[in-house]
Amino acid sequence: MICARQVFRCFRRLERIADRITGAAGPLFVTLGVILLSSGAFCFFEVIQPTLPLLWLTTPICALIAFNLFMHYYWVCTIPPGFIDDPPLSPEPRSGWMWAQKRTSTPGGVRWSELLNVTRASMRRCRKCLVMRPEEVLMGVRCERSHHCRICNRCVLKYDHHCPVRINQCVGLHNERHFVLFLIYLSISTFCYAISGWPHVLSAMGWHGDDTWDYYAPPIAFVITFILSAILFFAVTIMTAWHLYGIACGETSVEAADNEMYRTMAKGRGETFVNSYDLGKRRNLELFFNVGQDGYPLYTLLFPFRIEPYTDGRAWARRPGLERHRGVQEGEELTDDDDDDEEEEVAV
């Protein structure tokens, strides 16, 4: 038993060390990502794009895909995920050429509507924030659906995960839409590169009997970006499908794991777990991207506009008649403090 506790504590320490290392190396990962994206775009538009059919049609489409790819990556890296101590969203419309125009105003930053059952989020104190920042009282209050990021040391609104490798910050309420759209356009880009670049790879390797390579991009660079595109297509497409499935189910990555435990607990009592945030797949997708009736126009999915989420993170749309998850009893909600409790039990 003592050996098991020591192993558990050892893995906990290794996990904390890995978090610090990846957090410190985050800017390097982002720089590498920018270099790879830029290299791939340069190789595509210099080598592949001029050989595509119907240039008058394919050129603007390829340019639009590339523009979305780079802009959504820029937004997801620079827009904060949303923290619990941030001021609520202003009801005033945002100005700027990259901000999409709302169809209807949202008082208080929340999309109140007769079509939605929007309720105020419950509030409680985060023990971790109080320990690390006792002088900041607001940091100790955490809204429903927010979680504490142990790398950022802050509570994030609608926390999904911390992504040190791609964006060097958390994915949360305010940048999750750009993160998913970046994955979608990255899947499309790598697919187009892998499909249309195959003949040029053979030329770059000299397998066509012609050793001439009249491009600025070195042949080895083109071959490497092609291989990376083929690999990334499969990996990113699987990741994108997984995220879209979670969105359609009305849950984040953290909530997906929690909901599995809730289902197990409810099943043990002969009950059925019902996610109160699940409004149906189509409605969940509309709320996530904030499009459709009372939201933004659908063309905001085709252009990298900035748009606000349907809520400020302090109120959430629920199934009619549900104020909480069905099948979860009082006191069974999983919290970030559970990790601390486990560590205390191990230390005893």
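Contact here means heavy atoms within 4.5 Å.

**Figure 1. Surroundings of Ala-248 in the predicted model.** The structure shown in this and the following views is a predicted model. Ala-248 touches Asp-278, Gly-280, Lys-281, Asn-284 and Leu-285, when residues up to four places away in sequence are not counted. Ala-248 itself belongs to helix 7. With a relative accessibility of 7%, Ala-248 counts as buried, because that class takes in residues under 20%.

**Figure 2. Overview of the protein chain.** The protein chain has 348 residues, and buried residues make up 47% of them. Its secondary structure comes to ten helices and eight strands. Of the contacts between residues at least 6 apart in sequence, 71% join residues at least 24 apart. The accessible surface comes to about 18500 Å², and carbon and sulfur atoms account for 66% of it.

**Figure 3. The largest pocket and its lining.** Rolling a probe the size of a water molecule over the atoms shows where empty space is left. In this model, the largest pocket holds about 760 Å³ of space. It is lined by 33 residues, of which Leu-36, Leu-37, Leu-186, Thr-190 and Leu-232 are the closest to its centre. By class, the lining residues divide into 26 nonpolar, six polar and one charged. Helix 2 (26–48), helix 3 (55–78), helix 5 (176–196) and helix 7 (219–248) each contribute at least two residues to the lining. The largest share, nine residues, comes from helix 2.

**Figure 4. Helix 2 and its buried residues.** Helix 2 consists of 23 residues and reaches 32 Å from its first C-alpha to its last, close to the 33 Å expected at 1.5 Å a residue. Its buried residues are Gly-26, Val-30, Gly-33, Leu-37, Gly-40, Ala-41, Cys-43, Phe-44, Glu-46, Val-47 and Ile-48. An α-helix has 3.6 residues a turn, so residues three or four places apart point the same way. Leu-37, one of these buried residues, is also among the residues closest to the centre of the largest pocket.

**Figure 5. Helix 3 and the elements it packs against.** The 24 residues of helix 3 should span 34 Å at 1.5 Å a residue, and the end C-alpha atoms are 34 Å apart, which agrees. Buried in helix 3 are Thr-58, Cys-62, Ile-65, Ala-66, Asn-68, Leu-69, Met-71, His-72, Tyr-73, Trp-75 and Val-76. These buried residues pack against helix 2, strand 7 (169–171) and helix 5. In the loop between helix 2 and helix 3 is Leu-54. The phi angle of Leu-54 is near 50°, a positive value in a residue other than glycine.

**Figure 6. Gly-82 in its loop.** Gly-82 is placed in the loop between helix 3 and strand 1 (117–120). Its relative accessible area is 1%, so Gly-82 is buried. Apart from residues up to four places away in sequence, Gly-82 touches Cys-155, Val-156, Leu-157 and His-174. Gly-82 and Arg-154 are 72 residues apart in sequence, with 10.0 Å from C-alpha to C-alpha.

**Figure 7. Lys-158 between two strands.** The loop between strand 5 (154–156) and strand 6 (161–163) contains Lys-158. Phi of Lys-158 is near 50°, which is positive in a residue other than glycine. Lys-158 counts as buried because its relative accessibility is 10%, under the limit of 20%.

Figure 8. Val-254 is placed in helix 8 (residues 253–268). Its relative accessibility of 21% makes Val-254 partly exposed, because buried means under 20% and exposed over 50%. With neighbours within four places in sequence left aside, Val-254 is in contact with His-147, Tyr-159 and Asp-160. Val-254 and Ser-146 are 108 residues apart in sequence and 9.9 Å apart in space, C-alpha to C-alpha.

**Figure 9. Arg-319 and its contacts.** Arg-319 occupies the loop between strand 8 (315–318) and helix 10 (337–347). At 32% relative accessibility, Arg-319 counts as partly exposed. Not counting residues up to four places away in sequence, Arg-319 touches Asn-117, Val-274, Asn-275, Ser-276, Asp-278 and Leu-279. The C-alpha atoms of Arg-319 and Val-118 are separated by 8.9 Å, with the two residues 201 apart along the chain.

Terms used. Residues are numbered from 1 along each chain as its sequence is written. This is a predicted model: local features need pLDDT of at least 70, side-chain atom pairs count only at pLDDT 80 or more; totals for chains, interfaces and linings use all residues. Side-chain values use heavy atoms; hydrogens and water are left out. On a 1 Å grid over the protein atoms alone, a cavity is a set of points where a 1.4 Å probe fits but cannot get out, and a pocket is an open set with protein on both sides within 12 Å along at least five of seven lines; lining residues have an atom within 4 Å of a point. Grid points are joined across faces, edges and corners, and a volume is the space filled by probe spheres set on the points. Helices (H or I, at least four residues) and strands (E, at least two) are DSSP runs, numbered from the N terminus. Ala, Val, Leu, Ile, Met, Phe, Trp, Tyr, Cys and Pro count as nonpolar, Asp, Glu, Lys and Arg as charged, and the others, Gly among them, as polar. Buried means under 20% relative accessible area, exposed over 50%, partly exposed in between (1.4 Å probe, protein chains only). Accessible areas come from the Shrake-Rupley method with a 1.4 Å probe; for residues, only the protein chains shown count as cover. The expected span of a helix is 1.5 Å times one less than its number of residues.
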